[in-house]
Amino acid sequence: MKTLPLTRDLVLIGGGHTHALVLRKWGMNPLPGVRLTVINPGPTAPYSGMLPGFVAGHYTRDELDIDLVRLARFAGARLINGYATGIDRAAQTITVDGRPPVAYDVAAVDVGITSTMPDLQGFSAHAIPAKPLGVFASRWEVFRAAAGQNPEVVIIGGGVAGAELAMAMAHALRQKDPTVKLIDRSRVLTALGHKARQKMLDALETARIEIIEDAEVSEVFPEGIVLTDGRTIRSEFTTGAAGAKPHDWIGATGLDLHEGFITVDANLQSSDPAIFAVGDCAHLTHDPRPKAGVYAVREAPVLFDNLRAVLSGGGMAPYKPQSDYLKLVSLGGKSALAEKFGTARAGGVLWRLKDHIDRKFMNQFADLRMMDAVKPPRTAALGMAEALGDKPLCGGCGAKVGRAALQHILTDTFGDDAAEVQPGQVMTTDHLRAMVEDPVLMTRITAVHALGDIWAMGAQPQAATAQIILPRMSTALQERTLAEIMTTARQVMGAAGAKIIGGHTSLGAELTIGFTITGLAENPITLAGATPGDVLILTKPLGSGTIMAAEMQGKARGADVIACLAHMTRAQDAAARCLGHATAMTDITGFGLAGHMRGICDASGVGARLDVGAIPLMDGAAELAAGGIRSTIFADNQAGAGMIAGPGHDLLYDPQTAGGLLATVPAQSAEKTLRDLQEAGYPAAIIGKITDGRDITVS
């Protein structure tokens, strides 16, 4: 084998600015033998420098966010979409809600800070902290769109961040005549020099921001706040921007802390040599500095070099922060204040400078060169270029052999999803080449995918064996990876009512996971029971093949990828129960909707009419398909479907991984069945009906 084995686990906790830059540098120069993981609650990381501009309406949400899904693909990292809630330093594991612990040899923490106020009555229920940025940005976006005339807004905390937000909010709502109040327990903007403070106060006055000083908030309620002196101030949107609070779980790590923040030395290393910390969640013991994004950005190359050094046995270098930096503060409209060494200026030119600096930073994450298709050698056997194709090989069902090829070979066994091995018992097997780097997520997808064959026959899962091929890795990483896979497999199979009774493992070129499953059914639902007049119901949207093909090429939005993966991991057991009276049923997988529809029609001796406009699609799938993104199995699926569809119907041939159930049900029960599915939480839809003849038509 030419693949170098994996020997060390590096885990980045948080997707802050430092870690984002480290991921970018890692993608350009990875350290062989290291498995890189990034843990973040969400597919994106907002850039703090552009947040006031976003709030004011100068930037879109896409312009604000660093797409961590795309960045992780570029870096060859697995992205775990979840909250880190603790570090077990003895076991060297990180706890993440909803999954087995994540093991590390070296870890780095870049989770930022929070401006939540848990001790302030009603704040958690009725206010929105300005940090974390992602939640705040989403809530503000919703409020701004829905706000009526004369909206009332309150910002608790009169520092620079609070003042910036106040002016940005006033600018965004200026056509609606807002009332914006900035409240501080002492004086506002005390961190600024005299000249800068006066210019900021002038800007706040111009923006008609009401400043309330020497005021303590005692309670937040749905319609506003109460001050300790008894005054009540109405507010439709209350936010907190006062101070910097570390995340609570950091206090339980046992690391040395300073006021709750992780103390690090000049090498950015904590009291535990295996754990580094950067950005706002860290305290520089050798040279303390205020919480500012500029330091996080400057820490990135030092952290990158030191992580590589500690993982490869090299020497580390110190981080030397600058003594001062140019502070650029947004003033609501396209104007900014600049301060450095006590000198302050304001104006539109400084906004343009700030905009240029911010866009330059974000452009680093826009131009990422993704994996290209393998190029054939200059001299090779005939057919090499055609076999390789013009894009990287897809994973999941996109890597399967197509329907056209299989139906020519497996003529005697090409039919139902599972086979009835004896009366009342069905059996299936399914194996997937990994489409994501995370073994836990890949196990969930594969298990749901394999169980789909059992559910599609109306059967109850009974027993399963696991077949696992691991990429080359050290014994320690083998144990970690198998523990993640089998813990997850037992969880998913157990929830479905099946017990894992054995399996087989081996090492290979890449991760492949498979399951062989038996199920029990008194009267299995097959492909052969559909009759003219039956209604077609689909329980999940289409698009996973296209979205994941785009993700490999760096062309899919991270949010769409995360939503797609959520669809794939959604179990179909409740859906199968709702469809227990179906006349025919299958699950939509590698052959796409058209291919699996053809399977029902051929087995039942019927035709079908599909209403394309009624077919549910995953977010982003239609746009990607219109842009020419296709899975590597697309052409074979199109050839094997035996139907003709017009332009814009590419998603009918899109291979689905862990796709929805496609069922034919009697017309008289179709509406009730659809309601039952939707009440169970499935985005199900009626997408057509069964007809006489053998043709599949599209309308």
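# A walk from ring to ring, then strand to strand

Start by selecting Tyr325, which is buried, with a relative accessible area of 17%. Here, buried means under 20% relative accessible area, exposed means over 50%, and partly exposed is in between (1.4 Å probe, protein chains only). What you have open is a predicted model, where local features need pLDDT of at least 70 and side-chain atom pairs count only at pLDDT 80 or more, while totals for chains, interfaces and linings use all residues. Residues are numbered from 1 along each chain as its sequence is written, and side-chain values use heavy atoms, leaving out hydrogens and water.

**Stop 1: around Tyr325**

The charged end of Lys327 sits over the ring of Tyr325, 4.8 Å from its centre. That label applies if NZ of Lys or CZ of Arg is within 6 Å of the ring centre and within 35 degrees of the ring normal.

Now for ring-to-ring pairs. Rings of Phe, Tyr and Trp (its six-membered ring) pair if their centres lie within 6.5 Å; planes under 30 degrees apart are stacked, over 60 edge-to-face, and the rest tilted. That rule gives 10 aromatic pairs. One of them joins Tyr295 and Tyr325 edge-to-face, with 5.5 Å between centres and 80 degrees between planes. Tyr295 belongs to helix H9 (residues 293–312), while Tyr325 is in the loop between H9 and strand E22 (327–331), so this pair links parts of the chain 30 residues apart. Helices (H or I, at least four residues) and strands (E, at least two) are DSSP runs, numbered from the N terminus. Tyr295 counts as buried too, at 5% relative accessibility.

**Stop 2**

Next, select Phe634 and Tyr653. They make an edge-to-face pair, 5.8 Å centre to centre with 90 degrees between the planes. Phe634 lies in helix H20 (residues 634–641) and Tyr653 in the loop between H20 and strand E33 (661–665), so the pair ties together parts that are 19 residues apart in sequence.

Then pick Phe136, Trp140, Phe143 and Phe237, which form one aromatic cluster. Finish this stop at Arg570, which lies over the face of Tyr682, at 4.0 Å from the ring centre.

**Stop 3: a covered helix**

Select helix H15 (residues 544–552). How many of its residues are buried? Nine of its nine are, and the helix is mostly covered. Its buried residues include Ile547, Met548 and Glu551. After H15 comes Gly554, with a positive phi near 70 degrees.

**Stop 4: hairpins**

Two strands pair if DSSP finds at least two bridges between them. Strand E6 (residues 84–88) and strand E7 (residues 93–96) pair antiparallel over four bridges, and Ala84 has Val96 in E7 as its bridge partner. Four residues lie between the strands of this hairpin, where Gln92 takes a positive phi near 55 degrees.

Move on to strand E14 (residues 217–221), joined by four bridges to strand E15 (residues 224–227), again antiparallel. The hairpin connecting E14 to E15 runs through two residues, and Phe221 has Gly224 as its bridge partner in E15. E15 also joins strand E16 (residues 232–234) through three bridges, antiparallel. On that side, Gly224 has Arg234 as its bridge partner in E16. The E15–E16 hairpin has four residues between its strands, and Gly230 in the turn has a positive phi of about 95 degrees.

**Stop 5**

Three strands form an open sheet in the order E18-E19-E21, with mixed pairing. Strand E18 (257–258) and strand E21 (282–284) stand at the edges with a single partner strand each, so one side of each has no neighbour in the sheet. Strand E19 (residues 261–264) pairs with E21 in the parallel sense over three bridges, and Val264 stands opposite Leu284 in E21.

**Last stop: zoom out**

Show everything. The protein has 21 helices and 35 strands, and 56% of its 699 residues count as buried. The C-alpha atoms fill a box of roughly 85 × 60 × 50 Å along the principal axes. Among contacts (heavy atoms within 4.5 Å) between residues at least 6 apart in sequence, 76% join residues at least 24 apart.
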